[in-house]
Amino acid sequence: MTTTTELTELSETTLLRFATAGSVDDGKSTLVGRLLHDSKSILSDQLEAVERASASRGQDTPDLALLTDGLRAEREQGITIDVAYRYFATPKRRFILADTPGHVQYTRNMVTGASTAELTVILIDARNGVVEQTRRHAALAALLRVPHVVLAVNKMDLVDYQESVFAAIAEEFTAYALELGVPEITAIPISALAGDNVVDPSANMDWYGGPTFLEHLETVPVTHDLSHCHARLPVQYVIRPQTAEHPDYRGYAGQIAAGSFRVGESVTVLPSGHASRIAGIDLLGVAVDIAYTTQSVTVLLEDDIDISRGDLIVPSKDAPPTTQDVEATVCHVADAPLTVGHRVLLKHGTRTVKAIVKDIPSRLTLDDLSLHPHPGQLVANDIGRVKIRTAEPLPVDSYADSRRTGSFILIDPNDGTTLTAGMVGESFASPEPVKDEAEDDGWDF
Amino acid sequence: MTTTVAKTHGGETDAPYTLSHLDALESEAVHIFREVAGEFERPVILFSGGKDSIVMLHLALKAFAPAAIPFTLLHVDTGHNFPEVLEYRDRAVERHGLRLHVASVQDYIDRGVLKERPDGVRNPLQTLPLTEKIQAEKFDAVFGGGRRDEEKARAKERVFSLRDEFSQWDPRRQRPELWNLYNGRHAPGEHVRVFPLSNWTELDVWQYIAREGIELPDIYFAHEREVFQRAGMWLTAGEWGGPKSDETTQKRQVRYRTVGDMSCTGAVDSDAVTLDDVITEIAASRLTERGATRADDKLSEAAMEDRKREGYF
């Protein structure tokens with residue numbers, strides 16, 4: 001019987017968004033299936049449906065991949081086509097898992113999953129160690145600046161649970177990822193198939209003293225350190241009731257993209273540069289003195305100035321520069337290529353502006369981080385550097401400083417296709433520049 | 001780029017902080033409502049009087065307060081609704097001064113455009129009235145209360161989901177969704193289905209209802225009801241064609257986990273009379289919401305995917 005105290009605790013847990021990355025045979029589906037199964041997140045009717053479907057396909061044991069392959073075509077072909085989102089909870093935390101396919105078009109899928117993730121799981125087959133694919137995943141995690149990376153060294157049962165095998169892989173990976181600037185790496189030896197260290201601690205690996213995979217997910221911090229954030233509020237919508245009760249109410253609604261705002265603070269509206277002071281903050285019906293990142297708020301200002309959707313409210317003493325020349329690392333996500341001279345729309349925060357691709361100076365090979373100069377175009381799943389000229393000045397941050405105000409998407413103005421995911425500024429948070437062959441080109445990979 | 005980090009805030013705000021999961025989900029949903037209000041011409045909220053659409057309406061009201069919500073409501077009336085739910089719908093419309101559009105399945109059957117199925121299940125018949133209403137009213141954004149945790153095809157759904165001029169969903173041609181930068185571009189005739197509750201689970205919805213003190217139709221709480229059994233579910237007798245001669249009714253204490261067409265929405269045995277009871281019951285349940293009470297999803301392994309492809313919500 002659940003008590004009221006437990007119910008209260010249940011509603012006061014935190015939310016962790018994480019993404020998986022793994023290639024075809026690393027056992028990603030098994031890990032996801034094991035995690036859901038052992039944390040008792042699969043309900044009996046779902047399991048029965050899988051058993052029924054497996055039996056009708058002539059399989060002796062339930063195929064847990066059927067739990068996650070939601071589309072007819074996926075089940076028929078036995079492959080995962082697209083990112084799926086899964087939900088589970090423990091008494092400590094609730095989880096949103098972006099389950100990204102390993103096969104097809106993995107770069108754009110991993111970018112999609114990682115863009116909202118606070119943690120990425122990179123899976124390795126213990127028998128194979130760090131391979132090209134692992135380095136790609138690490139590079140993407142670094143590029144997307146996912147705050148936490150877990151290296152799950154899987155299939156430990158197939159290497160006799162040897163500590164030396166795990167230690168060597170963990171060391172090689174950590175050295176590589178640190179060089180890329182991945183801020184935090186946790187390596188965990190597991191067997192997804194046998195269930196070692198996924199939810200329950202393994203009796204086969206006494207030498208491992210760290211948390212199980214689930215324990216780590218439950219305890220990794222999802223807090224934000226305010227002292228390192230530039231406060232940013234993209235204005236989504238202007239709320240003007242114009243009723244007898246609220247004749248003069250004029251509120252600027254938006255979700256705080258970074259940092260915090262407080263009543264009385266001097267603020268500047270970009271790109272216009274108008275200044276005012278925060279007269280009040282309305283947190284969905286409750287007046288508050290201070291509001292934080294990811295809260296959706298309505299801000300009231302002391303002065304009646306011209307503000308509309310697409311503007312950015314920032315502290316006057318901490319305003320980003322505005323520019324019409326954006327340099328960024330991009331991942332091309334559409335099937336049609338991106339070329340120099342391409343006329344596009346750029347959506348940044350709540351603002352969508354016309355833009356033109358002025359130059360594609362280089363394409364990045366994720367395997368070895370080498371640069372291919374002036375590739376002429378970027379095709380689906382390519383990552384490259386791009387110079388874009390916008391029709392109006394934009395207040396952009398570096399993606400390193402702010403994942404929300406340093407990111408943008410490019411959209412095809414003809415058919416609305418999402419073309420490209422963009423990250424402004426330097427690519428990798430590397431403490432020292434990673435060696436490459438094209439240093440004289442001035443690129444910062 | 002600026003690299004210096006200014007300590008701009010007072011001491012008490014330097015401590016790390018984090019939103020509770022409900023606050024995080026609420027904030028995200030509000031963000032989605034405001035994006036649609038900012039970018040679309042004629043948005044509408046699908047409103048059935050069920051708990052998910054009631055939560056959507058509550059979130060929309062909060063998102064634009066103290067102004068009225070800039071959306072109308074649309075109900076696809078199957079003709080086999082629970083009277084308590086229709087009554088709730090009309091009261092909500094009245095209280096918030098909203099405009100309600102109704103697309104009626106019964107009209108289509110009466111006009112001979114749609115044919116009643118032998119089993120009397122009307123859920124699949126909703127698609128045509130819905131999609132024709134969207135076209136006729138030129139709605140360009142249609143909010144649905146669908147959640148990705150409901151069903152494996154819905155787990156693949158985007159928050160902003162583009163539909164073609166036939167309202168069709170093509171899961172292989174979805175736009176990648178990056179950060180919180182939703183792409184609402186669409187051509188005339190196309191529309192976007194928007195799912196602000198994508199990341200909510202059934203338990204989140206109930207916890208939020210409890211926290212916000214949101215009123216629900218009574219059928220969500222345990223009550224005595226005349227029911228009969230079909231395909232392992234307790235169904236309520238009604239004009240839609242149940243019970244058949246070999247089915248007998250009995251009085252049981254039940255409640256509903258979902259609200260849909262009476263012909264295919266089952267009740268569960270329950271003693272849960274308060275919100276806390278309901279939350280406790282759901283937290284302990286070994287059955288999903290749809291597995292327990294929706295006949296139409298048991299029709300085939302891809303039932304939901306097939307309906308969604310045709311334009312179902």
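In chain B, strand 4 (residues 141–143) and strand 6 (residues 191–194) run parallel and pair over three bridges; two strands count as paired if DSSP finds at least two bridges between them. Strands (E, at least two residues) and helices (H or I, at least four) are DSSP runs, numbered from the N terminus. This is a predicted model: local features need pLDDT of at least 70, side-chain atom pairs count only at pLDDT 80 or more, and totals for chains, interfaces and linings use all residues. Residues are numbered from 1 along each chain as its sequence is written, chains are lettered from A and ligands numbered from 1 in the order in which they are written, and side-chain values use heavy atoms, with hydrogens and water left out.

**The chain B sheet**

- The open sheet has six strands in the order 3-2-1-4-6-5, with mixed pairing.
- Strand 3 (100–104) and strand 5 (160–163) of chain B are the edges; each has a single partner strand, so one side of each lacks a neighbour in the sheet.
- On average, neighbouring strands in this sheet are turned by 30° against each other, ignoring direction.
- Helix 5 (residues 127–137) of chain B packs on the sheet, touching strands that include strand 1 (43–46) and strand 2 (72–77), and its direction makes about 135° with that of strand 3 of chain B. Contact here means heavy atoms within 4.5 Å, while axes are lines fitted to C-alpha atoms, for helices over the stretch in contact, with angles running from 0 to 180 degrees between N-to-C directions.

**Strand 12 of chain A and its partners**

- Strand 12 (residues 274–283) pairs antiparallel with strand 11 (residues 266–270) of chain A over four bridges, and A:V269 has A:H274 as its bridge partner.
- That hairpin leaves three residues between the strands, and A:G273 takes a positive phi near 90° there.
- Strand 12 of chain A also pairs antiparallel with strand 13 (residues 286–288) of chain A, over three bridges. This hairpin has two residues between the strands, with A:L284 at a positive phi near 50°.
- With strand 15 of chain A, strand 12 makes another antiparallel pairing over four bridges.
- A:D282 faces A:T298 in strand 15 and A:A287 in strand 13 of chain A.

**Helix 3 of chain A**

- Helix 3 (residues 44–56) has 13 residues and spans 18 Å from first C-alpha to last, close to the 18 Å expected (1.5 Å times one less than the number of residues).
- A:D45, A:V50, A:A53 and A:S54 of this helix are buried: under 20% relative accessible area, with exposed over 50% and partly exposed in between (1.4 Å probe, protein chains only).
- Just after the helix, A:G58 has a positive phi of about 85°.

**Salt bridges**

- The whole structure has 41 salt bridges over all chains, each a side-chain nitrogen of Lys or Arg within 4 Å of a carboxyl oxygen of Asp or Glu.
- A:E132 and A:R136 form one, with their closest N and O atoms 2.9 Å apart. The two are four residues apart in helix 7 (residues 132–144) of chain A, so about one helical turn separates them.
- A:E132 is partly exposed at 41% relative accessibility, whereas A:R136 is buried at 15%.
- A:R250 and A:D304 make another, at 3.9 Å, linking distant parts of the chain 54 residues apart. A:R250 is partly exposed at 25%, and A:D304 is exposed at 69%.
- B:R163 and B:E157 meet at 3.3 Å, N to O, and both are buried.
- Salt bridges with shared partners tie B:D23, B:E26, B:K62, B:R211 and B:E212 into one network.
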